[in-house]
Amino acid sequence: MDLLQGTLDMLVLKTLLMEPLHGYGIAKAIRMNSNDALDIEFGSLYPALKRLELKGWIAAKWEMSDHHRRARFYRLTPAGRKQLQVEHSKWAGFVSAVGQIMGPVPEGGK
Amino acid sequence: MTGLWRRLRYLLPWHRRAEENEMRAELESLACLAAPGELGNLTRAAEEARAAWGWTWLEQLWRDAQYAVRTLGQNRGFTATAVLSLALGIGANTAIFSLIDALMLHWLPVHNPQELVLIQMRDPREPEPADSFSYAIVQALDEEKSIFSSVCGFSGTTFDAGHPGSVSQVQGAWVTGGYYETLGLTPAAGRLLQKGDDRPGAPLAAILSYAYWQRQFAGNPAAIGQPVLLNGVPATVVGVSPRGFKGAEVGDDADITLAVSGVPQVEPSGEPLLGRGNFWLRVLARPRAGASRAETRARLAAAWKQIAARSLNPEWSARQREDLANNVLDIVPGAAGHTFLGDRFREPLMVLMAVAGLVMLIACANVASLLLARATARRREIAVRLAIGAGRARIVRQLLTESTMISTFGAALGIWLAWISSRFLLSTLADGGVPANLDLHPNWHILAFAVGLALANGIVFGLAPAWHTTAVGGAAVLQEGARTTRGHSRLLSSLVCGQVALSLLLLVGAGLFVRTLQNLLNVNPGFRREGVLVVRLDGAREGYRDARLREFYEGLLSRVRRVPGAVSASIVGYTPLSGWLWTEAACAKGEPLPHDDNTIFVAAGPDYFRTMGIPLLAGREFTAADRGDGRVAIVTRAFAERNFAGRNPVGEYVTATVSKPPSDLRIVGVAADSMISTLRDTPGPAVYVSYFQKSSATDSLVIRSAGSLTQTASAIRDALQPSFPNAPITVRPLTAQVEETLVEERLMAKLSGGFGVLGLSLACVGLYGLLAYSVACRTKEIGIRIALGAQRGAVRWLVAKRAMALIAIGIAAGLPAAWLLSRQVQTMLFGLTSTDTGILAGAIAALAVAGLAATYFPARRAAHLDAMTALRHE
């Protein structure tokens with residue numbers, strides 16, 4: 001499924017709201033939480049992480065992973081939390097606006 | 001903010017390395033966690049992650065620059081020619097611009113300089129406004145508080161500073177009391193002049209410039225309150241003006257500044273300057289806050305009539321006063337202060353700027369054709385890059401980087417050249433006998449000018465070839481091979497024709513100005529300037545007045561006559577072509593005095609005509625007996641013809657206002673016409689009066705020397721110096737004084753000549769480049785011709801024919817332009833018209849010879865091609 005521009009950032013922020021994760025963990029979490037509907041390519045996810053980190057919305061630290069390997073864990077910063085609220089309400093507004101127009105799923109074509 | 005900071009930090013190499021290491025470690029750790037291949041192309045991911053910092057463009061630019069440096073380094077000849085062409089063009093323009101900048105664009109280092117205005121007076125009958133005013137008018141203007149918050153007048157001077165025996169000349173200024181208030185300056189030490197210092201009888205207070213204070217007093221605050229001897233008169237140092245401020249007269253730095261009211265004490269001969277008849281002060285004013293320029297102008301125009309009624313000389317005729325009152329007072333921006341040099345050199349500098357612009361165009365054409373030729377040669381490389389998927393924009397950008405880099409090198413070298421040559425320019429200006437202390441250090445104006453010029457050139461002349469080369473589809477070029485296309489070669493040819501046309505313009509200009517200077521140097525001034533020495537005298541400074549002053553001068557004269565080597569000597573009010581002039585109304589006795597047709601007057605002593613070598617046509621010279629009553633005059637031939645047509649004037653009388661009331665002078669002789677005010681006009685009517693029957697403000701001894709001028713000069717100095725304990729006297733040849741008047745012409749001749757040679761050389765380089773290139777492109781064709789039996793001469797002719805056609809077309813295009821443009825400088829020429837055929841022919845001949853010389857090597861190369869090698873040529 002293609003993602004709308006800017007949605008990826010929001011998804012990453014939302015995923016990190018629950019717990020700090022490393023890059024691969026974030027990709028897995030998004031896939032799992034969307035019941036495999038959203039399979040984000042790591043090639044797109046990784047630059048997005050760098051972008052968010054530069055903006056100061058997420059921060060990273062080296063920690064031990066479950067498999068006793070060192071990995072770089074990202075967590076949400078207070079600024080990122082605020083940003084998530086902004087993006088969330090924007091997204092909600094967008095969804096409701098589109099929903100108003102679309103209404104219920106129409107009957108099959110005549 | 002933190003984002004920006006992190007991004008900037010990324011530019012530091014060690015930070016970037018740390019980031020890279022961290023990224024690699026992170027990606028490696030993740031690769032271990034995920035299934036093999038699950039994460040996709042990690043290199044690509046890292047690459048795109050790097051873009052997050054937003055420096056990709058910089059990285060590409062850096063890579064382009066590296067590539068450009070490498071390719072430019074491989075083609076040293078090309079690079080050197082292009083960079084040098086540009087450097088010469090940019091250097092020429094920057095040098096002239098730096099002069100214009102220093103003279104007209106530098107703002108005075110004062111409070112809000114943009115508010116200041118210079119006051120001018122426009123006479124509806126005169127083309128140029130006057131910018132000098134009398135002391136009384138400046139004071140009257142200062143009282144107009146509804147127009148100006150403050151007004152000041154100033155004028156440059158020189159002081160002989162120091163005690164007898166250690167006297168040195170110091171540049172100074174006379175200023176009115178409101179000077180520092182108007183400029184809004186605060187002292188570096190002590191206090192500055194105030195209104196109270198500019199009252200009759202006020203104690204003499206001197207302000208030092210910061211630089212002079214540092215030089216003479218090592219910046220010691222104890223200098224305040226010390227007396228300094230100026231022209232032998234003590235004045236008290238009361239303060240130091242702020243650092244960097246050198247006076248409002250740009251180019252004439254004032255090291256010591258005094259209030260105008262001190263003139264009678266310090267410079268007794270200048271006492272009349274305080275009178276209402278002397279217009280000598282430039283006026284700067286600060287309009288009331290909030291008033292618009294138009295408002296100020298209107299109020300000033302309205303107030304002038306009243307000011308004129310109050311402050312014009314009551315001794316002048318009613319008509320003269322009315323004429324002046326009918327003039328219009330105007331304001332012009334005064335942020336740059338006043339500059340005598342700027343007024344004098346404005347026209348020459350503007351013409352030179354235009355000429356330098358033409359040189360720049362020739363240089364640009366060189367660079368453009370070099371780039372074009374090179375782009376053509378690289379079509380294959382570019383086609384390959386396009387074919388394997390490089391974007392067109394990417395390639396254009398890369399080619400532009402190259403041309404911009406050439407421009408940058410050119411600009412750097414050009415700025416250096418300008419900086420070197422500006423000293424030469426300054427020394428030429430200083431030959432004019434007026435101080436020319438200008439700051440020509442490269443400043444941001446000049447740098448911006450040069451860099452702007454270079455960038456515009458890099459983009460305009462780089463873009464066209466880059467666009468052109470990348471336009472064709474890759475495959476077509478690859479098949480076509482390295483053959484050049486018709487479009488390119490036509491563009492190249494027209495560039496060269498343009499260069500030839502432009503250099504014709506430059507050569508014609510150079511010819512006109514060089515000939516003008518020659519004509520002026522060769523003009524017969526009516527006196528023999530060689531072998532005459534001039535000594536400026538100021539006996540008033542030594543304390544002599546009136547009758548005693550005259551006796552003192554007579555003593556000097558008799559002493560000078562006995563100096564070995566002196567053939568004859570005389571004394572005169574002012575020497576010809578010195579920049580001074582005395583004019584009066586004069587007519588034959590019995591006729592009414594004319595109002596506005598003044599005659600030139602000269603006060604000359606005995607033996608004046610013999611000393612100066614001016615032939616006497618009738619009558620006698622002045623003698624030592626021509627003093628007291630029984631006033632006598634010698635008129636010039638022009639005066640005799642105007643006022644005594646058909647009669648012998650000797651024995652008749654001239655009526656003139658030499659002293660008040662107008663008196664009659666008996667004519668004792670007629671002298672040949674000679675040039676007194678300017679070399680450029682035929683001499684007008686003039687009257688000589690006996691030196692000892694007239695009081696004079698400025699005086700000079702003139703001495704004709706038989707032997708070596710330097711020896712006689714030093715003998716004169718030895719003989720006279722004991723009489724002048726307060727001032728060193730200078731003895732200079734009359735020829736030097738005459739040449740000083742030609743400084744503008746010399747500047748024009750030197751620079752336009754230099755630019756002509758420069759333009760011609762650049763055009764020849766262009767022509768040579770084009771021919772060499774076309775021979776290289778046609779190697780195969782020429783090889784076939786030679787193999788088929790073409791003679792060497794015929795091959796040579798093949799190349800020469802092309803060159804001659806280009807030169808001919810260029811000349812044909814340049815001639816009408818030269819005709820049109822040289823008419824614009826007609827007023828600056830002397831002794832020839834702008835369409836002088838000799839100069840046109842000379843310019844064409846120079847072009848033809850230089851052009852053919854440029855053709856020689858390519859033609860020779862073509863003629864000596866070895867047929868077999870040429871055919872094997874790709």
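Thanks, everyone. A word of caution first: this is a predicted model.

Let's start with chain B as a whole. It has 874 residues, and 43% of them count as buried. The secondary structure of chain B comes to 27 helices and 22 strands. Along the principal axes, the C-alpha atoms of chain B fill a box of roughly 120 × 75 × 55 Å. Now the contacts in chain B with a separation of 6 or more. Of those, 82% are between residues 24 or more positions apart.

Next, the contact between the chains. Chain A puts in 19 residues, and chain B puts in 20 residues. Which elements of chain A supply at least two residues each? They are α2 (23-33), α3 (42-55) and β3 (70-76). α3(A) gives the most, with eight residues.

Now a helix pair inside chain B. Two numbers describe such a pair: the angle between the axes and the distance between the axes. Our pair is α12, residues 340-377, and α14, residues 392-430, both of chain B. They pack at an angle of about 150°, with their axes 13 Å apart. Angles over 145 degrees count as roughly antiparallel, so α12(B) is roughly antiparallel to α14(B). The crossing of these two helices is right-handed.

Who meets whom? From α12(B) come Leu341(B), Phe345(B), Val367(B), Leu371(B) and Ala375(B). On the α14(B) side we find Leu399(B), Ser403(B), Ile406(B) and Leu429(B). By class, that makes eight nonpolar residues, one polar and no charged ones.

Last stop: strand β11 of chain B, residues 532-537. Is β11(B) mostly covered or mostly open? Mostly covered: five of its six residues are buried.

β11(B) pairs with β21(B), residues 699-705, and with β22(B), residues 731-733. Take β21(B) to begin with. Six bridges join β11(B) to β21(B), and the two run antiparallel. For one bridge, look at Leu537(B): its partner in β21(B) is Asp699(B). Then β22(B). How many bridges link β11(B) with β22(B)? Three, again in the antiparallel sense. Here Val535(B) stands opposite Val731(B).

To recap. In the contact between the chains, α3(A) gives the most to the chain A side. Within chain B, α12(B) and α14(B) meet without any charged residues. And β11(B) is joined by bridges to β21(B) and to β22(B). That's my tour.

Definitions and conventions
Residues are numbered from 1 along each chain as its sequence is written. Chains are lettered from A and ligands numbered from 1 in the order in which they are written. This is a predicted model: local features need pLDDT of at least 70, side-chain atom pairs count only at pLDDT 80 or more; totals for chains, interfaces and linings use all residues. Helices (H or I, at least four residues) and strands (E, at least two) are DSSP runs, numbered from the N terminus. A residue is buried if 20 or more other C-beta atoms lie within 10 Å of its own, exposed if 12 or fewer, and partly exposed in between; C-beta atoms are placed from the backbone. Two residues are in contact if their C-beta atoms, placed from the backbone, lie within 7 Å. Axes are lines fitted to C-alpha atoms, for helices over the stretch in contact, and angles run from 0 to 180 degrees between N-to-C directions. Angles under 35 degrees count as roughly parallel, over 145 as roughly antiparallel, 65 to 115 as roughly perpendicular and the rest as oblique. A crossing is left-handed if the near helix is turned anticlockwise from the far one by less than a right angle, and right-handed if clockwise. Ala, Val, Leu, Ile, Met, Phe, Trp, Tyr, Cys and Pro count as nonpolar, Asp, Glu, Lys and Arg as charged, and the others, Gly among them, as polar. Two strands pair if DSSP finds at least two bridges between them.
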